[in-house]
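Work through the following exercises with the sequence and the structure at hand. Each task is followed by a worked solution.

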Amino acid sequence: MRTRKVMVTGAALSAVLLASACGGDDGGDANTGASEPGELEGSVTMWTYPVMADETEHRSFWDDTIAAFGEEYPGVDVTVEIFPWADRDQALTTAIAGNSAPDVVYFIPDQLPGYARNIEPIDPYLDDDAKADYLPNAVEAVTIDGQMVSAPILASAVTLTCNKEVFDAVGETEYPQTWDDLREMAPAFKDAGYYMIAYSGDVSQTLNLTFYPLLWQAGGDVFNEDGTDVTFNSDAGVEALTLLQEMVEGEYVAEDMLTAMPPTEQTQLAQGNVACAWHTEGKNLVEFWGEENTVILPPLTNVEQVAYGTVGSLAMLSSADDKDAAGAWIAFVTDAEQVATYNEASGFLPVKESIGSLYDGDPILGEAEKYTDLTTVGPLHEDAREIMGVLAPEIQAVLIGQKEPRQALDDAAQAAQSVLR
Amino acid sequence: MTRIADTTTSAPAENSNGARPRRNTRPYRALEPGRPARIGRGVLLFLAAIVTLFPFYAMVVLALKPVGPIILPDSLVPWGLSLEAFERVMGARTLLRWTFNTLIYSVVSVVGVLFFSSLAGYAFAKKRFPGKEVMFWSFIAMLMVPYHITIVPVFILISNAGGVNTHWGMILPTLANAQAVFLMRQFIKSLPDELFEAATVDGCSEWRMYVSIVVPLIKPILATLGVFVFLWHWNDFLWPLIVGQSNDMRTLTTGLASMNAENVPLNVVLAGSVVAFVPIFMAYLVGQRYFKEGVTMSGIKG
Amino acid sequence: MSVGTLVSTRRRPSWREARIALLFVLPCLVLFVLFRFGPTLAGGVLAFTDYTIGADTSFVGLENLRRLSEDPLFWRALRTTLTIAVLAVPLSIGISLGMALLVRRAFRGHRLFRSIFFLPVITSLVLAGIVFSWIFSSGGPWSSIMGWLGLPDQAWLSDTTLVIPAIVIVAVWGRFGFGMLILLARLQDVPRELEEAALADGANAWQRFRYIVLPELYPALFFLVVIETTFTFQIFDTVYVMTSGGPANSSYVLVFQLYDQAFRYFDFGYASAIGLALFVMTFIVAMIQRMTIGRER
């Protein structure tokens with residue numbers, strides 16, 4: 001299900017569903033296209049997260065955008081609040097429960113099903129041209145029950161990044177493409193005093209970036225087709241975790257990030273002692289390795305070749321008071337031109353056809369952009385994020401040699417039963 | 001919202017009202033340690049002081065180093081300093097906001113707790129009214145109930161009242177402080193009745209009597225209790241973490257914890273820690289006596 | 001005014017006095033009903049419901065307690081919490097006692113030492129957690145010291161066994177100054193004449209401590225045991241900052257589970273059941289204290 005071909009088919013299918021949904025759903029609902037921008041009144045609060053690492057830059061981007069929006073919609077008052085990534089689901093759920101929820105929120109796909117009942121689908125608020133302009137995989141990522149629930153604004157492809165300096169030091173000229181390559185190369189790196197990989201195993205790290213890519217590469221998945229049960233304890237799951245176990249036991253993995261998350265600059269990875277990693281985008285390592293040493297590679301292959309890539313999107317919560325105003329704001333922000341500016345400023349990949357390639361020739365983002373077709377957005381399941389909470393500690397138990405892979409995954413699957421609703 | 005500490009069995013603490021009779025005033029040299037013992041004591045204390053102070057030293061020195069990898073032992077030497085980490089942490093507008101939130105949370109709570117608990121403590125100590133004993137002891141029983149049991153219902157209450165991510169929502173529940181009521185009542189009870197009754201006979205209104213007689217008399221306990229409540233709020237973590245989730249409503253402790261989880265460089269997080277620590281440290285230097293009395297009296301980690 | 005009038009006013013609780021007194025108590029009473037009495041009762045009731053956000057609530061009887069009894073994570077958290085208490089309480093009180101004895105007599109700088117040892121008590125556990133995370137990290141000072149001592153130099157916070165001592169060390173560092181002050185206050189009351197007399201009788205330092213000083217300290221030590229035990233039962237800040245309960249749940253403590261269930265999974269009913277368990281634990285400690293104190297008097 002994770003190959004490129006299936007992906008494209010899926011997207012095409014959802015595009016068809018989407019088209020029919022639009023036809024049927026537009027009826028009585030308020031459509032911003034009809035009302036005059038100048039007449040629209042209300043206030044909109046949006047929560048976003050540190051999508052741009054530099055807070056001041058991020059802030060001023062939104063201040064500028066709000067000003068530009070204000071010229072078109074003088075009656076709408078917009079506030080953008082930047083929340084920390086950490087515990088963001090908690091903050092949002094708490095706010096929803098406490099009736100102090102924002103009107104618009106930045107979501108990634110695996111969050112959407114969990115909040116589906118709190119979200120007002122964005123579909124009717126976007127005009128057809130805007131919808132048609134979206135890349136198919138972006139649309140697929142935010143489509144639930146045939147409707148676009150949120151409006152994509154950015155994408156990423158988190159493939160494999162390797163440190164050229166380390167490869168030069170070891171005298172290795174080829175970069176790993178498969179799991180077997182990793183296994184074969186690792187001893188030489190170890191002998192030269194380097195780690196083959198870094199694995200970010202802290203429980204607060206999302207598994208989308210760490211274990212799930214391996215699981216998908218082994219041909220497995222987190223949930224079964226209809227989402228009634230977890231399947232990470234399949235043979236594929238065991239194979240994926242066994243690879244990690246082997247690498248750890250061979251001392252090919254930097255141990256400082258194995259169960260904890262030290263600040264990046266303190267890690268072996270940042271200090272240039274690690275050959276490759278797949279849990280972070282290459283652009284985040286440039287600062288430490290230098291652009292010339294940061295090599296962006298295609299995702300690793302075992303049974304499948306696949307990596308994680310996100311689609312960031314803006315959704316309107318159903319508790320929003322001024323839905324038309326919120327819809328207009330989302331439509332404005334996700335307009336092709338705005339999106340291009342935002343993507344370029346934040347170093348993310350575009351989600352609109354008309355933008356084309358933003359980073360042609362760029363050794364980092366230009367490379368990452370090539371592999372977007374090989375990415376998946378992670379499990380779209382209501383309990384996706386809760387499941388991570390029970391799975392992550394069990395993976396740690398294997399990494400520190402306390403459990404065998406099958407045992408750990410079975411235990412996690414057992415614990416998952418109380419989470420699945 | 002008081003962490004449990006049962007002081008009803010009288011904490012054997014340094015007392016705030018009146019000095020204990022000191023028996024150890026007469027010098028008797030033989031009880032003093034000899035020279036080798038003195039040297040041993042000096043060495044032990046010196047080592048213990050180093051171990052105690054090392055985390056503070058590390059925090060300050062690392063905060064003053066250029067942002068980057070920390071390599072031992074070079075990173076611990078007190079030269080090659082730079083203000084980069086401080087510039088970065090102060091550059092983010094949030095730190096000032098967090099400091100402001102912490103101040104609001106601490107100061108308003110201190111004023112509220114002192115005011116309400118002194119009113120109640122005065123009534124419990126010097127007034128007679130039906131249901132007094134039952135009421136007082138049910139207040140005191142709350143000392144037995146750990147703060148963590150009530151945190152869920154209190155959160156549900158505050159959340160339904162729209163108090164999540166507001167200052168009042170954060171402060172209000174912490175004003176119900178059983179410890180403070182108990183200590184106030186004990187203190188006021190120890191004051192002679194005549195002081196109050198003279199005023200009653202003079203025809204003082206109750207309110208004026210509270211303001212002009214009671215408040216001046218309880219100044220010592222106001223200071224100690226105030227310092228303790230302040231310290232407790234300044235360092236409080238779990239409740240602000242739950243009720244102040246937005247970036248704008250974080251306090252210094254929850255903000256720094258989020259920074260720590262956000263992959264901010266260590267030097268910068270430590271610079272933030274220094275900013276959070278300095279005010280309380282300065283206050284400690286000035287009012288050490290009150291800190292020690294406040295904390296020991298209440299038996300609680302601030 | 002005569003003593004007679006005073007006594008007579010004292011005797012008669014007038015309606016006016018009662019009204020004013022109630023008025024004075026009222027603000028506190030309202031606060032307590034809303035934020036202490038009510039929530040305490042509600043906490044007990046919630047433990048028997050499936051209360052969560054945005055769904056209907058129903059009574060589930062003993063379901064949460066049954067789930068608790070079958071939840072391996074709960075038993076693990078309970079064991080971890082008790083282990084921390086068993087290690088931290090004696091260690092902390094032992095160091096408190098040692099330090100109190102060392103700074104007991106006046107000598108040049110004794111005040112400075114007392115102030116230094118008290119400093120961690122006023123420091124936020126979050127700050128302590130941040131600094132100690134670095135101290136215990138791989139390549140940090142602690143692992144360097146272990147290396148010099150010829151011990152394995154792994155990062156303690158990444159080891160399922162050593163993470164507990166690491167958390168205990170931080171707890172003790174943050175607490176011993178408190179116990180020291182409590183014991184110092186008590187040491188002032190040790191009758192000097194007795195010690196002098198014992199000295200004259202040829203008792204050595206240990207005997208003087210054992211038979212004269214220590215008995216004076218028993219009530220204070222006992223008080224400390226209770227306070228420190230309750231305190232360690234409620235450890236949360238350092239675990240949150242330093243380990244998030246890891247690695248592989250080996251530092252997952254009860255309050256952390258309560259927090260996780262309540263504010264990560266929003267399973268308020270189950271979280272309240274954990275709260276109930278915590279209450280029972282605290283209650284048992286308090287009862288032991290009551291009984292023992294009662295016997296001593």
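The exercises below concern a predicted model.

**Exercise 1.** Describe the contact between chain A and chain B from the side of chain A.

Solution. Begin with the residue counts: chain A gives 22 residues to the contact, and chain B gives 20 residues. Next, assign the chain A side to secondary structure: helix 2 (55–72), strand 2 (76–82) and helix 3 (88–97) of chain A each supply at least two residues. Of the elements of chain A, helix 3 provides the largest share of this side, 5 residues. Finally, sort the side of chain A that touches chain B by class: 9 residues are nonpolar, 10 polar and 3 charged.

**Exercise 2.** Relate the UniProt "transmembrane region" feature of chain C to the model.

Solution. Start from the record: the unreviewed UniProt entry places this feature at several segments of chain C, among them residues 20–38 and 162–184. Now examine these two in the model. Residues 20–38 of chain C are 100% helix and 0% strand, with the end C-alpha atoms 25 Å apart. Residues 162–184 of chain C are 96% helix and 0% strand, and there the end C-alpha atoms are 32 Å apart.

Terms used. Residues numbered from 1 in each chain as written. Chains lettered and ligands numbered in written order. Predicted model: local features only at pLDDT ≥ 70, side-chain atom pairs only at ≥ 80, totals over all residues. Contact = placed C-beta atoms within 7 Å. Helix = DSSP H or I, 4+ residues; strand = E, 2+ residues; numbered from the N terminus. Nonpolar A, V, L, I, M, F, W, Y, C, P; charged D, E, K, R; others polar. UniProt positions renumbered as here; feature names shortened; annotations may be inferred.
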